[in-house]
Amino acid sequence: MFETNVNVNGIDKILLIAQDDYNNEKVLNYSITRTEVIPPLVRIVAPYTSESGQVSLDSSVPNVAIQGKIEDASKIKSITVGNITASYDPNVLNPSFTAIINVANINKFMVTVEDVYGNRQEIEYTLNREGAGIAATNPMGKTWVLFIENSSYETFGALDGPIKDINTIRRALANYQINNIIHKRI
């Protein structure tokens, strides 16, 4: 019995030759079957991206830096964002990447990732420019108001104050640009 480590990068067969003291020889030829066949996982971390693949833009600038993270059991061979080759460290497992793409005349872009074994993942992302319009008219960005009204207590009597307080706050906010109001009663 013997044991050895063999570098199999770039080869698809291993040839074993065993010879004894009497020059008897046995030749075995083994094909290499790659077991890592899972495509890389892609996650965009900036700008904010929903689970459904909508990338939220908060300004109307033509160039946007797309930043992400790749997860894979193997090293990554290539990452493209739109038609731009992303910058990343190809010597690192699960690398982070960045690509600056021009979004001025597009509504969608693809991220394509391929690992060293040819496993590919292509994901289409849609640009959501709603935040850019809001940012242009409201420097504070999208404004939400959440009212939580609690008038029902188990050990105290019901209060009249929360309803009056909510109406007072609504009047105070009437001159502000509010994008969404949520009112919860508990």
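In the predicted model, Asn 29 is located in strand β2, which spans residues 25-31. The residue has a relative accessibility of 52% and is therefore classed as exposed, the threshold being over 50%. Beyond residues up to four places away in sequence, Asn 29 is in contact with Lys 13, Ile 14 and Leu 15. For Lys 13, which lies 16 residues from Asn 29 along the chain, the separation of the two C-alpha atoms is 7.0 Å.

A search of the whole structure returned one aromatic pair. This pair consists of Phe 109 and Tyr 125, with a centre-to-centre distance of 5.6 Å and an angle of 25° between the planes. The arrangement is classed as stacked because the angle between the planes falls under 30 degrees. Distant parts of the chain are linked by the pair: Phe 109 belongs to strand β9 (residues 108-115) and Tyr 125 to strand β10 (residues 120-128), the two residues being 16 residues apart. Phe 109 is buried, at a relative accessible area of 4%, and Tyr 125 is likewise buried, at 5%. Both assignments follow because buried denotes a relative accessible area under 20%.

Among the elements of the chain, the highest mean pLDDT, 97, is found for strand β6 (residues 76-81), whereas the lowest, 60, is found for helix α1 (residues 130-137).

How values were computed: Residues numbered from 1 in each chain as written. Predicted model: local features only at pLDDT ≥ 70, side-chain atom pairs only at ≥ 80, totals over all residues. Heavy atoms only, no water. pLDDT = per-residue confidence, 0-100. Helix = DSSP H or I, 4+ residues; strand = E, 2+ residues; numbered from the N terminus. Phe/Tyr/Trp six-rings, centres within 6.5 Å; stacked < 30°, edge-to-face > 60°. Buried < 20%, exposed > 50% of the residue type's maximum accessible area, 1.4 Å probe, protein only. Contact = heavy atoms within 4.5 Å.
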